[in-house]
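Please keep the structure open beside them as you go.

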Amino acid sequence: MKSILHLRVNGQTHELYTDTHKTLLEVLREDLGLTGTKHGCDLGECGACTVLADGTPILACLALPIELQGREITTVEGLARGAELHPLQRAFAELNAAQCGYCTAGMMLSAKALLDREKNPTREDIRDALAGNLCRCTGYEKILEAVETVASQQSTGESKG
Amino acid sequence: MPVIGAPLAKIDSWDKVIGAAKYADDMSLPRMLHARILRSTMPHARIVSIDTRGAEELPGVVAVITGRDVPIEYGILPSSQDEQALCVDKVRFVGDAVAAVAALDAETAERALQLIHVEYEPLTPIVTMNEALDETRDAIHTGAHADHHNIHKMVALEFGDLDAGFAEADYILEDTYFYQGNTHLALENHAALASFSPDGHLTLWSSTQTPHYVHRALAKTLELPASRIRVVAAAIGGGFGGKTDPFSHEIVACKLAMLTGRPVKITLTRQEVFYCHRGRHPVLMWVKMGVRQDGEPTALHFRTLLDGGAYGSYGVASTYYTGALQTVTYKIPAYKFEGMRVFTNKPPCGPKRGHGTPQPRFALEIHLDKIARHLGLDPAAYRKQFIVEDKTKTVNHLTITTCGLSECIDRVVEASGFGGEKREARSEIHESKIENQKSKIKNGLGLACGSYLSGAGLPIYWNQMPHSGVIVKVDRGGGVAVFCGSTDIGQGSTSLLAYIAAEEFGIDVRDVRVITADTDLTPVDLGSYSSRVTVMTGNACISAIRPLKQKILDAAAEKLLVPAESLSFRDGEIICEDDDARRLKWTEAIALAEAKHGTLSGTGSYKPPKRAGPYKGSGVGISPSYSYAACVAQVSVDIETGQVRVEKIWLAHDGGRALNPILVEGQVEGSVYMGVGEALMEEMTYRGGLHKAPSLLDYKSLTMRDMPPVETFLVETNDPEGPFGAKEAGQGPLLPVPPAIANAIYDAIGVRIDETPITPDKILKALEEQEKGRAARFGPKNFPAVKYPEPIRVEPPEDAPRLERKKG
Amino acid sequence: MLRLPPFEYHAPRSIEQAVNLGAEHGTAAMFVAGGTDLYPNMKRRQFTPQVLIGLNGVEELRGISNGDGITIRAGTTLHQVSNSPLLQTQYPALATAAKLVSTPQLRAMGTLGGNLCLDTRCNYYNQEFSWRQALGFCMKKDGEICMVAPGSSRCWAVSSTDCAPVVVALEGRVRLVSARGERVIAASDLYRDDGIEYLGKARDEIVTEILLPPADGTKSVYLKLRRRDSFDFPILGVAAALRLASNGEIESARIVLGGVGSRPLECVDSARLLIGQKLSHKVIGAAAEAAWRPARPLDNTDSTHSYRKKMARVYVARALGALSEQ
């Protein structure tokens, strides 16, 4: 069965005609060419394919696009505003929070969802929020640091403003 | 502005954080086909027949191949050419590749696999090492691939007078240890994309750490001239040694591309990656160590038995590595090593972070802890007494250039309070309000050390050529391009070349482009393995740049009317140190240099110093330099549940000069993470010949909530062999972590867990033994009666530790 | 990449539409809510339904309401359950159990109804098709025998839901709706002691609501044993609910174990020992001892079965200990 889908990804609406049984992960990577969303297991066991649906982290490998019509999907390609990087992207790059880079997209999106709802998260909050994203390179230390750095920028930015 | 030593972002991080980095599975080409591999469902069987007709007839299928299409044997080591891209006569493990399909889409290829009928004649699988030692069973390999029946490799070496050493000992301790096998689990599944042009040029993009070795394997198995094959390493989503062999799927993708004339991509599933494996060998170890009353080692006898799985892979090297580096931390005047690797019908083991050395390090460091406790010595001060010295040799002919281990121990002891008062548990999880609960949580600290090489001293195939080559080109616009065959697996090796070029030329890192890992474009570098990249590519890069700098200085000196020796490269200018009014912009200077000398480019190469000792097998273990690490682990153990929580890790690493401290810290933290995982949960487990847990859910790796905080100390010796004094950092810091945890558990609850992973049920079993008044230990009970060959007896070098005769 | 098998997809907007679609397509169809359990199984070919009826668009399946007891509609996500202030105060065990399921992403997608209907799990079953082919297939899917107990005539796959033991311990009920009508059954009757036919609901029935009685001073707790602090299914779950009289004596008690059998295991003897007692060390010890005995974990999950059995006693004692502190 194929379906016509209207999928809103990174602020743009795409009209697609594709197999209904393709997961969001497959549609993003294969139909839309958005290969920044990675896959490590295809079974919901690693978090590499994490994207946001209306700001909430979900796993693209277990989501059907047909059910996500009308919702706003954000992938790593949608994090930056034009040429201006999201603070998380800058912090992940500058603090060496991305080694091989394969978990990075999912990590940043989980972190973005946290920082969007919690301006001043504790280290435990960050651990909780990123507990669904496996990383094999960093030991998570630099990832924690990067998220904390952005969080503190966010909260000082706010107190200034 | 100095670049070396600065905490700069990696130059390829930016593409990674915007999702633009292209990993092999992210690539596609017009008319591309998708391929899948049919894998054996039998651990050990003869292939009677393969019927591919059903698959060929399926609409959408373009090509089906079997072993007869790619029968030529290959393997990473010249001495272990025992693999076939698709098995011809026999399968040797569940997951061995049997046939392959290329189709218009991946779903069709997958469906086609179900239509291939393979008739097998099952053979009894050989699953355990004891079964492998039983000569009445079938041999997994025949002919020259094994030393004897299912024994792949046997080694026996003796350095110095072992009997005399034990005779001098006041205390001799013997014990057995087991280190479980585990796997790399890189988050990216292996993928390969092949393209074949009508004029006979083959290109392969692959997630490989070793494009040069893949290049050689493709030339051999596909019978193409290497000159018409191009291998490019795509961005790599984690390696850890898991992508250092040439793999079946790489050869298959190429063959299918050649047959169909269309690009072919293969992306493995997670289960297939478990089958590719090449991970940590399970190693059973027997250790006998003699010491004097003050703990001074007099003799060490070490036996290892490795479960190699179905193929050779790096196994010959792995076997030697289980014996090579015991001598590079503490002065050992007499050493005997006996090692053996056996074949079993399981996915092949190979090199994983620390290649063959974390297992013996686990045994040795626990063994030392036991000795220290027996003699009533402080484990830290005890170790410090016998640390090897700079510019000496070990009893097995390894050369120590610099050793910062003593300072490493000081740093972690001071920070952790090791040896002092016991600490309270950090974890809020244990701060239970439940009555009497706190008394069930016991805390402990444990210490261990380790060392690893900064690159293998010999290439994997014998040759006299450089291990690493670099070409540097300077553009009129001021940009510098560095070409090198090295592969960046996330550690930052590509960035390092940019830092070195920027430092040498005194320019901004952003003015350097680095092109890597492309056998058409870049000079050979052997690849990302054995922690060789910083030292070897770094040195090659410097050697390419220095003559080029001289040319630029000559031209600048002529213009500025000063001696070239008075000039230096700084902040985008060439400046006279004696008169800083005399200066030229970088772009002016290179224009003058190009006018004077022609196109500005340079080549550089690096070959490690020749240091092999006078014996067969001496090629494994030699290295330009050794890194050192000391670790203190703090654990809390719940004596009712046996659950261990690692509360904190302190790790000090002597990786020489840190060329970029945040990259070195990243390597340390990642190593600690992997060490904690191996100590507590990671393991390859089998039921019969079938992998029990080939998934990211069932194979346990630490999540962010399981990872303890890590305090890292960089001890920066200035090593004469390294670029700017650098040594390795990617593997060494893993080594002390598992034994430090085991020693901390002993400190907490007084039981010894002499095998990994240290699971709660093992702790409870050891506690039960303790309660019954028996040896409070969980671990292997004995070492099988293995017939090692007569040892090769080797005279230690002059400047190695000597046994002083004090007795008799 | 592992892919889903093809299917025809329907997105009903109401329960009525959903159950009518179910009736229309019969055994060819499966209902799916969050998909976090079904889709992995479909990718591994444990299920290949021709028709999927997606419940995510059914608005009336979402929400938590408080009246005579608490009603949680089955499509409420586990994230919502764990973050419900009402549940956190009234029935903290359920909020905790939901919070301990897998990962944040899966809790955002997975629903309470889905967790209650979670397919039973087994090391021999939750594997890819080619793995099961190599093994020779077990009776739960495509085969004849049980791999963990080859002599057994039944399947021993394990109930691995975190929420079911809690809902059973809280004496919850579930509303089942089909095109044939609707019924309300005790949550404990939703489960059967069989790894294959593990649910006491018909295939065409949907769980639409979870009905919890008024808390009325009930104390509840849920403890979970697993290797890692995220991702992992319970290899033992302990749900305990107690109501105390004003003099501190236990009026009612229920202790339910998860992860040790094909259905949540009610420790009836253990609970009986508690009635009329105060929660002392001695009483807790006796109850834990009684709870431990009927637990019969087999060697088909993570960790060893002997360890899981040992932990049943420790975790029951700790659960009761935690209640004594509440």
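1. With 808 residues, a compact globule would have a radius of gyration near 28 Å, and chain B of this predicted model agrees with that at 27 Å (the radius is taken over C-alpha atoms, and the globule rule is 2.2 Å times the number of residues to the power 0.38). The C-alpha trace of chain B spans about 85 × 80 × 60 Å along its principal axes.

2. Since this is a predicted model, local features need pLDDT of at least 70 and side-chain atom pairs count only at pLDDT 80 or more, while totals for chains, interfaces and linings use all residues. Residues are numbered from 1 along each chain as its sequence is written, chains are lettered from A in the order in which they are written, and side-chain values use heavy atoms, with hydrogens and water left out.

3. In chain B, 69% of the 808 residues are buried (under 20% relative accessible area, with exposed over 50% and partly exposed in between, using a 1.4 Å probe and protein chains only). Chain B has 18 helices and 33 strands (DSSP runs, H or I of at least four residues for helices and E of at least two for strands, numbered from the N terminus).

4. Strand 7 of chain B, residues 151-159, has 8 of its 9 residues buried, so it is largely enclosed by the rest of the structure. Strand 7 runs antiparallel to strand 15 of chain B, joined by 8 bridges (strands pair if DSSP finds at least two bridges between them), and B:Met154 stands opposite B:Met340 there. With strand 33 of chain B, strand 7 pairs in the parallel sense over 3 bridges, where B:Glu158 stands opposite B:Arg793.
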